[in-house]
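This report describes how two protein chains meet and how one of them is built inside. Please look at the sequence and the 3D structure before reading on.

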Amino acid sequence: MSRADQAEGICLVACQAVTNANADDSQAYVNQVRAEIEAEAEARRRRDPELQRREREIERVWIEVAPPGAAGDQGELLLDRADRLATIDVDVPLGAKPGIRQLKGAIRKVAYWYLRYVSDQVNALNNVLTRLLRRFDERLSVLEDAAGIADGGGLLDPIPEPDGAVAELVASILGAQTGRTVVLGCGSGVLVRPLHDAGIAVHGVDVDALVILPGVRDGLDLRAVDPGAHLAEARPGEFGSIVAAGFVEDLGPASAQRIVEQSLVAASNGTVVIVTGDPAERGIVERELRAGRGLSPATWAYLFERTGAAVELVGTPDPRFRTLVVARLS
Amino acid sequence: MNAIRVHQFTAAIGPRDAVSHHTFEVDTLLRDLGYETEIFAQHSHPDLRDRVHDYRLHADLEADVLLYQASTGSRVGDYVLTRTEPLIVNYHNLTPAEMFDPWEPHVGAELDAGRRQLGRLARKALRGLADSHFNAAELEAAGLGDVVVAPVLFDPPPLRRSASIDVGEPPTVLFVGRLSPNKCQEDLIAATAALREWIPDVRLKLVGGTSSHRYETALREHAQRVCPGGVEFAGSVSETQLADSYAHADVFLCLSEHEGFCVPVIEAMAAGTPVVAFAAAVLPETIGNAGILLEDKSPTNVAVALERVLTDRELRAWLVEKGRARAATFSPERNRAIMREALRAAVEVCV
């Protein structure tokens, strides 16, 4: 270190010491003032009991005007408030002079009291439910963390969409199909576009509203809906064919079985195409993080064959989706 | 060599909004640093739409770094999470949902979702920027290990005034901030009501718009009943009116239970207005030793503090001097220099 650096260092240390001393002095001074304020407030309370009564009165007014849960003890408050707001006069001269004007006034007051009373109760219930839901959510998060299944979405890359060749192949398989086609887990609409271009009545659904935006802007009928719920709510025979992609790679065996059963209802005489990668071909990271989720094309074929469907496995040039499962339900 | 593209995202952009102002300032700094930058938001005020893009139009664009201004839960946050570019999160704090639940349950739910979203953003981001150590601690607790404290960018009103109380005018206690349950304006009203026992003509001026119509209604009724004629609800005001409010205030009182930085405290200090505050959340950090920090905000205690500041000329002068010195440490030039360096370092971490 040069002499100049040493001198500058000494100066900085000295300046810092002065600053620290000033800070210490300031801290001591404001601490002293605060102590004096607290002592003075306490002394005034002792000298003047009216002060405490006034503080309680201010707090009571706030509890009155604030909704349940916002201030004070809410135990009996709701009923107390209902009593205070109940401006009904039991001696109201119903049927007596001056007659109808007063009756209307009374009805107005009753209606006001009743609506306020009901809204308070609804708000109180809503408040309690919100808090309970939050606690429930927190406990679920703790359990998920402990089980190691929490929010894997932040760790895993999104499931890739198939390439255009797979989409063309799916369109050729379904080309002769009659009735509406739905693409479950449509993503940005890669599988929807060739069907749409071929003049087939088709729409896609995906749980992620952001992912579908490019396709929507391109004029495709893509909807931000949970694919599983969309299939479950379909009417019998509503679809001529069903294409399931993307989200199927996150399903366990029970959920996959449910998809098969619901497809039998929603496309009773139609065709189902499952577009999925094979879990056995996943990389080590995806294999570990997506463990227990996703079925191979062979297993999907087995599930459909058990229902009596005619199943065909069709090869594709896309290395990520080597085999399509085509189940003809009729 | 192509310039680095830094795309900035925020939930909403509007005039006279602290995070919006900060976002525009950051935009300027990023350009100064030689980066290509654009701002994307979910909601933007019509007057600002030539400077801000709808975030949904970003889907087809590519960036080198994304910078998210986090102050609430938003669809923009969800969108940022779907992107693969390196992410920087600039955190301005989220009000705890519990404070809004009784008043506006839907806002509470949004804040709750926002906090969960913050956790996901924190796990994805490479670098965090927080405008106080208090906020930095929250961001770290959310899961982001690399957080740098860099100030929120704001321009305090360019006002200077004497330490004396305006002669002939009733003493004015001022608070600036939206009517919001976390800011506890009911406690300000209660303290003013208590102070009227000793200084009958004291009045409280509340400057700021509202975050909850229901809360505002309750505050007005509360004020009417415990402090009739003593509370002015000034609402949202212009820059000039804000400067006037600081100029004519005799003391700035803040009894908030949750603040992420509290710019008005610094503005008050810069304007030469003594500050009294409740020692909660970030306020001890923002105020330092330049104001009276109370650990008990019962009406009598706060009223005694206000009376002391209004009547003790020596203490007033000391608070004004210390306040101005404290405010100077948050000067716009210094803040911009720190933020500029923080942005440069954060982008370097990402590319």
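## The interface between the chains

In this predicted model, 43 residues of chain A are in contact with 53 residues of chain B, where contact means heavy atoms within 4.5 Å. The size of an interface is often given as the accessible area lost when the parts come together. Here the area buried between chain A and chain B is about 4100 Å², and carbon and sulfur atoms give 58% of that area. Buried area is the accessible area (1.4 Å probe) that two parts lose on being put together, summed over both. Of the area that chain A buries against chain B, 17% is supplied by Trp62(A), Arg134(A) and Leu210(A), more than by any other three residues.

The rule finds 8 residue pairs in polar contact across this interface, both residues being at pLDDT 80 or more. A polar contact is a pair of N or O atoms within 3.5 Å; within protein, one must be able to donate a hydrogen and the other to accept it, and residues adjacent in sequence count only if both atoms are side-chain atoms. Four helices of chain A, namely H1 (3-47), H2 (49-65), H4 (100-147) and H7 (213-217), each supply at least two residues of the side that touches chain B. Helices (H or I, at least four residues) and strands (E, at least two) are DSSP runs, numbered from the N terminus. H1(A) gives the most to this side of chain A, with 14 residues.

## Salt bridges across the interface

How many salt bridges does the rule find across the interface of chain A and chain B? There are 5, a salt bridge being a side-chain nitrogen of Lys or Arg within 4 Å of a carboxyl oxygen of Asp or Glu. One salt bridge joins the side chains of Glu36(A) and Arg308(B) (2.8 Å, N to O). This pair crosses from helix H1 of chain A to helix H10 (residues 299-311) of chain B. Glu36(A) counts as partly exposed, at 32% relative accessibility; buried means under 20% relative accessible area, exposed over 50%, and partly exposed in between (1.4 Å probe, protein chains only).

Another salt bridge links Glu197(B) and Arg54(A) through their side chains (3.6 Å, N to O). Glu197(B) is partly exposed, with a relative accessible area of 46%. A network of salt bridges links Glu57(A), Arg60(A), Glu64(A), Glu221(B) and Arg225(B).

## Inside chain B

Chain B has 12 helices and 13 strands, and 60% of its 351 residues count as buried. Lys297(B) forms a salt bridge with Asp187(B), with the closest N and O atoms 2.6 Å apart. Lys297(B) is in the loop between strand E13 (292-294) and H10 of chain B and Asp187(B) is in helix H5 of chain B, so the pair ties together parts that are 110 residues apart in sequence. Both Lys297(B) and Asp187(B) are buried.

Gln117(B) lies in helix H3 (residues 105-124) of chain B and is buried, with a relative accessible area of 3%. The side chains of Gln117(B) and Asp78(B) are joined by a polar contact of 3.0 Å. In helix H7 (residues 239-248) of chain B, the buried residues include Leu242(B) and Tyr246(B).

## Notes on the model

Residues are numbered from 1 along each chain as its sequence is written, and chains are lettered from A and ligands numbered from 1 in the order in which they are written. In this predicted model, local features need pLDDT of at least 70, side-chain atom pairs count only at pLDDT 80 or more, and totals for chains, interfaces and linings use all residues, while side-chain values use heavy atoms, with hydrogens and water left out.
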